[in-house]
Amino acid sequence: MTVLMRSASLTHYADLASSVGLVPHEMLAAVGLPRSCLDNTELRVPAASVMRVMELSGEMSGEEAFGLRLSVTRRLSSFGVVGMLARDEPTLRQALDTLTRYLYLHNESLSTQIHESGGVTVIEQHFLPSVCAARQSIEMAIGALYHTLCLALGKDWRPRSVSFMHPPPANMAWHRSILGGNLLFSQDYNGIALSTADMDAPLHTADPVMRQQMRQLVRQDLEDSRHSPSSEVEQLMVALLPTGRCSAEQVALHLGVDRRTVHRRLAQQGLSFTQLLDRIRHEQAQRLMGYGDRKLSDIAPLLGFSSLSAFSRWRRIQKDNALAKSDP
């Protein structure tokens, strides 16, 4: 099934692309996106194509911070109805909860996990491996999150840290000017760390009457627009892999169902839990090894393996299976 996102993700793309010497409509055509993406923010387009045009734009222009620069234009309104719902929540915590819960209405490929411990909150962002998100798309998403937090907490607010899984760019000028200091690269997650106290900061722009009206207007959309079972399981797998607890039982627990229900829903889409887990591990392994600065011993735990030897055995089995399928 094709994973979709709103074309609003490409808002102001044409202006930035032109400024770095690219021809916007030619870039879209190269990845199979219609030119109307630049004018209509409500089109539902393949997320993988948007990810590809972002990476291609960075490569062809030589602008390593292309996605990050595009994130500067993001506001809550960029998230469509989801942003409108979040805008009128009374606190940052509730706004982020709304964005997290309904983000799939804006982008089916992206999910958010929030962890709190010892007075620090970490907001992680995860892309489905199948859309092949890389540096530009990841930095655009983290940049958009950063600007959303700044809008809520004030222009003088600074995060404890901003973390990326990919290596640092050759030139950090744009990253420092847009995100400030405390930038960490080659980390185990993509996300932003902030003080837990910030989470309960009131949103002074909140309008409780408008909040109720918006919820009534979009209730049907929220009920009708849901993830497919495989997308829900896939997003949970991505989040659970680094914890070493990515089992059918744990996924079922997070979904509020039993293990058999998870297996049955996947079977209805022609999938098994093991097949989906192996595919995600393979895609994540390819991406992490592609960064070039990661040792296999560092990658193994991020994929849920307890040791390098277990990771190596799994890779060998995957290679043997691939060879067996290719034999006539």
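Me: How many cavities of 30 Å³ or more does a search of the whole structure find?

Reply: This is a predicted model, where local features need pLDDT of at least 70, side-chain atom pairs count only at pLDDT 80 or more, and totals for chains, interfaces and linings use all residues. Residues are numbered from 1 along each chain as its sequence is written, and side-chain values use heavy atoms, with hydrogens and water left out. A cavity is a set of points, on a 1 Å grid over the protein atoms alone, where a 1.4 Å probe fits but cannot get out. The search of the whole structure finds 1 cavity.

Me: What is the volume of the largest cavity?

Reply: Volume here is the space filled by probe spheres set on the grid points, which are joined across faces, edges and corners. For the largest cavity, that comes to about 330 Å³.

Me: Which residues lie closest to the centre of the largest cavity?

Reply: Lining residues have an atom within 4 Å of a cavity point. The largest cavity has 26 of them. The closest to its centre are Phe-79, His-106, Leu-110, Ala-141 and Ala-144.

Me: Which element gives the most to the lining of the largest cavity?

Reply: Helices (H or I, at least four residues) and strands (E, at least two) are DSSP runs, numbered from the N terminus. Helix 3, helix 6 (92–102), strand 3 (110–117), strand 4 (120–127) and helix 7 each supply at least two lining residues. With 6 residues, the most comes from helix 7.

Me: Is helix 6 roughly parallel or antiparallel to helix 7?

Reply: Axes are lines fitted to C-alpha atoms, for helices over the stretch in contact, and angles run from 0 to 180 degrees between N-to-C directions. Under 35 degrees counts as roughly parallel, over 145 as roughly antiparallel, 65 to 115 as roughly perpendicular and the rest as oblique. Helix 6 and helix 7 pack at about 150 degrees, with their axes 11 Å apart. That angle makes the pair roughly antiparallel.

Me: Which residues of helix 7 meet helix 3?

Reply: Helix 3 (residues 47–61) and helix 7 (residues 135–153) pack at about 105 degrees, with axes 7 Å apart. So helix 3 is roughly perpendicular to helix 7. Contact means heavy atoms within 4.5 Å. Met-51, Met-54, Glu-55 and Gly-58 of helix 3 meet, in helix 7, Arg-135, Gln-136, Ser-137 and Met-140.

Methods: 1 Å grid on protein atoms, 1.4 Å probe; cavity = no way out; pocket = protein on both sides within 12 Å on 5 of 7 lines; lining within 4 Å.
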